[in-house]
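Hi,

Here is the structure I promised to pass on. Have a look at it first, and my notes on the strands follow below.

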Amino acid sequence: GDVSRVFEVPAGERSLYTRRKKKAPSTMVVGVKRTDPDDFGSRPARRLRRTTNMVPARIQDSSGVSTYCSLDLGVLNKVQKTRSRYNTLLEVKLDDDEPFSVLIRKIQIEPVSDRIQHVNMVRYNPEIGIEVDIPVSWVNEEKSPGVKKGGVVNQVLQKVRVVCRSSDIPKIIEVDIAGMDVGDRKWLQDMVLPEGMEVAPLPHYDNCPALTIGRTRVSMLEERKAREAAAAESDKKDKKK
């Protein structure tokens, strides 16, 4: 018989074996330097986007010096739609210069067309570090006694500002709530952050929890019924004595 037929993948399963892995989204943004910041109004921006698919941008370095440029919209449009747009490291290549890392600080959107009109960025140097706002979420909800009792997770902070000196900035900070009961709090200083990151020294962060497990009316009623049942049982035992 034909030996090759023995190793033939069934037609129905062929796609499972030949499916290509998704490529990681590109973070390289190409552009050209500009010298006149007066060209950055709404009309020039629309004209620039229409004729070249680029958008005006300003990139500031750690010493406060700004570089004005026009950047390609391809990657920026994709990043702008994500929750982590302000903590995603991008590589910018202007003209024939070497690429450098940046973070988006502000994206100006046209209210009618919902298109990017202007972008402010800052150069990122891990040795100096930079403050970044990172979204907060939680994990292990199913392992929380408080949630099992009917408590709800109250997220006090949607984002946490951290000082980052790492080349790997997380898209999100996950808080482990396993073991947390109703009334428990997870303080900022108790959060486990990746290496090269620390919570920014903001005054209101001193006594600020990232999240708490709060009571609901249902959980409060259940606790009240449990207390009343325990009291009634105690009264029965006292009467028997």
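Before the strands themselves, a word on terms: two strands count as paired if DSSP finds at least two bridges between them, and strands (E, at least two residues) are DSSP runs, like helices (H or I, at least four residues), numbered from the N terminus. This is a predicted model, where local features need pLDDT of at least 70, side-chain atom pairs count only at pLDDT 80 or more, and totals for chains, interfaces and linings use all residues. Residues are numbered from 1 along each chain as its sequence is written, and side-chain values use heavy atoms, with hydrogens and water left out.

With that in hand, take strand E7 (residues 130-139), which runs antiparallel to strand E9 (residues 159-164) with 6 bridges joining them.

Now for E2 (residues 54-60). E2 pairs with E3 (residues 66-72) in the antiparallel sense over 7 bridges, and Met-54 stands opposite Asp-72 in E3. The hairpin of these two has 5 residues between the strands, and Gly-64 there takes a positive phi near 95 degrees. E2 also pairs with E6 (residues 116-123), this time in the parallel sense over 4 bridges; Arg-58 has Asn-120 in E6 as its bridge partner.

Cheers
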